[in-house]
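Hi,

Here is the structure we talked about. My notes follow below it.

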Amino acid sequence: MTAVRVLVLGASGRIGKMLRRIWTQAPLHAAGTNIEFTFQTRRVCENHPGDLLWDALQHPPKALTDAAPFDCMVVLSGIVPKPGADLTLNTALGSACVTAAAGMGIPHVLLASTSAVYGIHSNSPFSEDDPLDPVNDYGRSKREMEAACQTQAAAAGVALCCLRIGNVAGADALLGNGAALAPGARLQLETFKDRGTPVRSYIGPQSLAHVILSLIQKRDRLPVVLNIAAPRPVSMRALAEAADIAYDLCPANDDAHQYVTLTCDTLAALHRFEPAEAEPCEMVRQWRALTDI
């Protein structure tokens with residue numbers, strides 16, 4: 001059975017931990033392919049002594065450059081919004097990873113981006129061809145990262161696919177804030193004129209892990225950018241109720257947007273979802289299966 005060697009950067013981040021846990025729970029054999037992961041982290045971890053220690057902004061260590069060739073690099077590393085975060089480093093990190101891939105002869109790179117690059121200027125689902133009009137610094141930093149890395153990858157002969165990932169259950173604000181509620185506290189959900197709550201594109205962590213496996217297997221067929229989410233968006237009310245999160249409804253602000261969703265037709269040609277994976281209860285189940293990380 002052919003072994004596909006994959007280098008994963010950012011294994012210690014929130015989403016990286018989720019995906020690592022799923023990928024290492026059982027042997028990864030699919031469609032006659034054996035996938036072997038090497039995980040990169042910046043700090044020593046007692047639970048994972050075999051990790052590759054490397055700050056991606058520095059030159060790759062000799063242990064990496066001397067290793068057997070990799071078939072694909074998956075970049076989950078990135079700077080997320082928080083006080084004091086230097087979001088401009090997203091471009092530096094992405095560029096450093098493309099440079100490293102080119103230097104090590106890794107032909108394919110999957111680079112984690114975000115649906116925030118689209119902004120909120122339309123109530124119609126965003127497709128990969130839509131113009132990018134991010135409304136916050138995080139979205140702008142990822143837009144700049146994508147543009148820089150696409151130019152760089154094309155010049156270096158690296159096949160790059162930027163993954164515009166929607167909300168990941170468990171790494172999102174609603175479930176995160178709901179899990180952190182004090183006893184007796186309630187979440188506030190906005191409602192609109194039709195009495196509906198916000199609707200967003202989501203994906204469960206196990207579903208995301210399986211999607212990336214499919215993309216690794218079909219790496220020769222990937223577009224330059226790809227929306228990543230379950231086939232149907234979910235309402236915040238349905239997600240809160242699936243997670244048993246107590247909530248109160250409040251009128252939405254005038255500038256609030258009820259629908260911020262993705263069209264995932266291109267993804268559907270590359271990966272087959274099970275019908276249940278688009279259901280809020282299944283997304284919550286996947287998240288709770290990993291809450292002890």
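**Fold and packing**

Of the contacts (heavy atoms within 4.5 Å) in the protein chain with a separation of 6 or more, 81% join residues 24 or more positions apart. This is a predicted model: local features need pLDDT of at least 70, side-chain atom pairs count only at pLDDT 80 or more, and totals for chains, interfaces and linings use all residues. Numbering runs from 1 along each chain as its sequence is written, and side-chain values use heavy atoms, with hydrogens and water left out.

The protein chain has 9 helices and 15 strands (DSSP runs: H or I, at least four residues; E, at least two).

**Cores**

A nonpolar core here is a set of buried Ala, Val, Leu, Ile, Met, Phe, Trp, Tyr and Cys residues joined through side-chain atoms within 4.5 Å. The largest has 59 residues; L110, L174, L215, I216 and I228 touch the most other members. Helix α6 (residues 205-217) gives this core its largest share, 7 residues. Another core lies apart from it, with 25 residues, including W54 and V225. Leaving out residues up to four places away in sequence, L215 touches L110, L163, L222, L226, I228, L267 and L270.

**Cysteines**

The whole structure holds 0 disulfides (cysteine sulfur pairs within 2.5 Å). C149 has its closest cysteine sulfur in C162, at 6.6 Å, so it is too far for a bond. For C264 the closest is in C161, at 12 Å, also too far. C149 is buried at 0% relative accessible area, and C264 is buried at 11%.

Best wishes

Note on methods: Buried < 20%, exposed > 50% of the residue type's maximum accessible area, 1.4 Å probe, protein only.
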